[in-house]
Amino acid sequence: MTVLVGIIMGSTSDWETMQFAAEKLEQFGIAHEVEVVSAHRTPDKLFAYADAAESRGLEVIIAGAGGAAHLPGMVAAKTAVPVLGVPIQSKALNGMDSLLSIVQMPAGIPVGTLAIGKAGAINAALLAAAIVGNKYPEYREAVRHFRQQQTDAVLANADPRSV
Ligand code: RP5
């Protein structure tokens with residue numbers, strides 16, 4: 001099965017957050033890979049990963065990074081495969097540093113930036129599923145199904161005192 005989504009992150013410490021993206025893709029049955037690729041500590045690996053992404057069949061890259069979070073932007077600069085950025089909730093600045101360094105790309109090289117932390121990781125996977133769903137109807141259906149379940153769960157628990 002061709003791996004469609006690459007989940008990369010700057011450090012093993014980011015896995016605590018990025019596992020939620022992997023979990024969602026797993027749930028949808030979307031083939032994905034997970035790898036630590038650091039913009040600062042392994043810059044050559046970053047270039048090699050981004051260079052090979054398209055020819056390897058990746059259709060979306062989800063990149064999580066914290067602090068001076070250059071990973072998503074640098075990967076986006078080296079590939080035409082769409083890149084979704086997840087700002088990790090850093091300890092020093094609570095993720096504002098990660099968010100601003102991922103979202104504030106200069107015009108010309110976009111990174112689809114999600115929310116800080118767990119919500120961003122989950123939404124990155126949902127967005128990746130929606131993107132690959134343009135080509136593979138089963139994944140579009142999986143996203144639809146997930147949303148319906150979510151709606152049903154909210155409607156079934158409308159009284160907050162009963163939860
Ligand atoms: C970034 O530095 C990583 O994405 C991580 O969020 C942050 C801290 O990394 P560690 O010092 O925990 O390895 O490159």
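Axes are lines fitted to C-alpha atoms, for helices over the stretch in contact, and angles between N-to-C directions run from 0 to 180 degrees. The views below show a predicted model.

**View 1. Packing of helix α2 against helix α3 in the predicted model.** Two packed helices are described by the angle between their axes and the distance between the axes. For α2 (residues 43-53) and α3 (residues 71-78), the angle is about 45 degrees and the axes are 8 Å apart. The arrangement of α2 relative to α3 is therefore oblique. The crossing of α2 past α3 is right-handed.

**View 2. Residues at the contact between α2 and α3.** From α2, the residues Leu-46, Phe-47, Ala-50 and Asp-51 take part. They meet Leu-71, Met-74, Val-75 and Lys-78 of α3. By class, this contact of α2 with α3 comprises six nonpolar and two charged residues, with no polar ones.

**View 3. The shell of residues around the ligand.** Divided by class, the shell around the ligand holds seven polar residues, three nonpolar residues and one charged residue.

**View 4. Asn-94 in the loop between β4 and α4.** This loop links β4 (83-87) and α4 (96-103). Most residues other than glycine have a negative phi. In Asn-94, a residue other than glycine, phi is positive, with a value near 60 degrees. Asn-94 counts as exposed because it has 12 C-beta neighbours inside 10 Å, and the exposed class covers residues with 12 or fewer.

Conventions:
Residues numbered from 1 in each chain as written. Predicted model: local features only at pLDDT ≥ 70, side-chain atom pairs only at ≥ 80, totals over all residues. Helix = DSSP H or I, 4+ residues; strand = E, 2+ residues; numbered from the N terminus. Parallel < 35°, antiparallel > 145°, perpendicular 65-115°, else oblique. Left-handed = near helix turned anticlockwise from the far one by under 90°. Contact = placed C-beta atoms within 7 Å. Nonpolar A, V, L, I, M, F, W, Y, C, P; charged D, E, K, R; others polar. Near = placed C-beta within 6 Å. Buried ≥ 20, exposed ≤ 12 C-beta atoms within 10 Å, placed from the backbone.
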